[in-house]
Amino acid sequence: MVQRSPVALVLLALFLGAVPSRANAQWLESKSAHYTVFYQAGYEKDVEFTRKWLDATEQLMTSKYAVTPDRYNISVYLLPAPAEGIDTTQSGQNQCCASTPAGVSTGTIRLLTRSAPIWKAANVMSSLGLPKTGDDYHAKVLLSEYIPIGHYAAQDSRASGGWRYYGAPAWFVQGLQEYDAIFHSTDSNGTMTAKRLLQWAKANATKFLCCSPNLTIADAYNGGATFMAFLSAEFGEGVHARLLRNPAYTVEGALASETQPYSPQQLFDRFRTWLEAIQP
């Protein structure tokens with residue numbers, strides 16, 4: 001099972017205590033095998049949309065990472081208005097995991113639901129200059145918040161030892177989540193959002209640095225997703241699962257192992273060459 005730090009578990013317990021109780025009459029439930037969607041009356045269409053993309057994410061867990069979330073149970077709250085840091089800027093948050101006596105890992109995802117009135121009042125754009133109000137954006141957020149369960153499960157499947165997911169640099173953790181969400185959600189995300197991502201990376205090449213001693217990426221989300229796209233192009237998309245399962249003690253060691261025969265500097269040079277070749 002995934003081991004979380006004591007501090008993380010304390011914060012998780014505090015967080016779960018702040019989530020509205022399941023007994024609260026305003027929350028309705030839509031339950032699946034590995035998750036339960038909590039929502040308020042009038043947002044039934046959002047539940048349908050949410051379950052569609054949670055199920056699609058579970059399919060991705062199987063097809064890309066060869067895992068299922070059988071040992072996980074996630075509560076997904078669709079918030080009808082901004083609350084406790086969830087708003088149009090940060091519209092989703094995953095808090096996971098704590099273990100039950102039965103060995104099931106539980107956690108919570110909170111989302112500013114796609115039909116929340118504030119989305120109609122706000123004219124908000126993403127860091128890639130795309131609107132946050134359409135289904136493409138909300139599908140991407142749903143997938144990015146749920147896919148970490150697949151990443152955890154991939155590491156759970158190792159025979160023993162190895163680096164831990166949240167011990168990795170933010171560019172790896174957030175970058176892999178963002179990559180999966182962009183390239184494996186809607187068709188528009190896989191084309192237009194992906195194109196904007198690579199255009200952003202080409203215009204922000206200075207945000208990528210190496211090697212003092214390791215790779216540094218200033219923007220964990222866009223920069224990390226770009227580097228994941230490079231790894232996929234260079235070594236096949238299966239490299240992401242291989243990295244998660246690699247038994248090295250650090251993610252840097254796993255990266256070195258999975259990108260042989262290149263040294264870190266040689267790998268970075270190949271990345272820069274790849275980035276420069278991107279058409280605007």
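Where is the place of Ala 66? Ala 66 sits in the loop between helix H2 (44-65) and strand E3 (72-79). The model described here is predicted. The backbone at Ala 66 has a phi near 55°, a positive value in a residue other than glycine.

**Cis peptide bonds and disulfides**

Two stretches of loop contain cis peptide bonds. A cis peptide bond links Cys 210 with Cys 211, with omega about 10°. Cys 211 belongs to the loop between strand E6 (208-209) and strand E7 (216-217). Another cis peptide bond links Gln 260 with Pro 261, where omega is about 10°. Pro 261 lies in the loop between H9 and H10.

A disulfide is a covalent bond between the sulfur atoms of two cysteines. The structure contains 2 disulfides. One of the disulfides connects Cys 96 to Cys 97, with an S to S distance of 1.3 Å. The torsion about the S-S bond of Cys 96 and Cys 97 is about 50°, so this disulfide is right-handed.

**Helix packing around H7**

Helix H7 (residues 222-235) takes part in a packing with H10 and in another with helix H6 (residues 187-203). The table sets out the geometry of each.

| Helix pair | Angle between axes | Axis separation |
|---|---|---|
| H7 and H10 | about 100° | 11 Å |
| H6 and H7 | roughly 105° | within 10 Å |

How are H7 and H10 oriented to each other? With an angle of about 100° between them, H7 and H10 are roughly perpendicular, because angles of 65 to 115 degrees count as such. On the H7 side, the contact is made by Thr 226, Phe 227, Ala 229, Phe 230, Ala 233, Glu 234 and Phe 235. H10 contributes Leu 267, Arg 270, Phe 271, Trp 274 and Leu 275 to this contact. By residue class, the contact of H7 with H10 consists of 9 nonpolar, 1 polar and 2 charged residues.

The axes of H6 and H7 cross at roughly 105°, and these helices are therefore also roughly perpendicular to each other. From H6, the residues Leu 197, Leu 198, Trp 200 and Ala 201 meet Asn 222, Gly 223, Ala 225 and Thr 226 of H7. This contact of H6 with H7 comprises 5 nonpolar and 3 polar residues, with no charged residue.

Rolling a probe the size of a water molecule over the atoms shows where empty space is left. The second largest pocket holds about 220 Å³ of space. Its lining comprises 16 residues, and those nearest the centre of the pocket are Leu 215, Glu 252, Leu 255, Pro 264 and Leu 267. Helix H9 (251-258) and helix H10 (264-276) each supply at least two residues of this lining. Which element gives the most to the lining of the second largest pocket? H9 does, with 4 residues. In composition, the lining of the second largest pocket has 12 nonpolar residues, 3 polar residues and 1 charged residue.

**The cavity**

How many cavities of 30 Å³ or more does a search of the whole structure find? The search finds 1 such cavity. About 100 Å³ of space lies within the largest cavity. Its lining is formed by Asp 46, Phe 49, Thr 50, Leu 78, Ser 91, Leu 111, Leu 112, Thr 113, Arg 114, His 138, Val 141 and Leu 142. H2, strand E5 (105-112) and helix H4 (135-156) are the elements that each give two or more residues to this lining. The lining of the largest cavity divides into 6 nonpolar, 4 polar and 2 charged residues.

Notes
Residues are numbered from 1 along each chain as its sequence is written. This is a predicted model: local features need pLDDT of at least 70, side-chain atom pairs count only at pLDDT 80 or more; totals for chains, interfaces and linings use all residues. Side-chain values use heavy atoms; hydrogens and water are left out. On a 1 Å grid over the protein atoms alone, a cavity is a set of points where a 1.4 Å probe fits but cannot get out, and a pocket is an open set with protein on both sides within 12 Å along at least five of seven lines; lining residues have an atom within 4 Å of a point. Grid points are joined across faces, edges and corners, and a volume is the space filled by probe spheres set on the points. Ala, Val, Leu, Ile, Met, Phe, Trp, Tyr, Cys and Pro count as nonpolar, Asp, Glu, Lys and Arg as charged, and the others, Gly among them, as polar. Axes are lines fitted to C-alpha atoms, for helices over the stretch in contact, and angles run from 0 to 180 degrees between N-to-C directions. Angles under 35 degrees count as roughly parallel, over 145 as roughly antiparallel, 65 to 115 as roughly perpendicular and the rest as oblique. Contact means heavy atoms within 4.5 Å. A disulfide is a pair of cysteine sulfur atoms within 2.5 Å.
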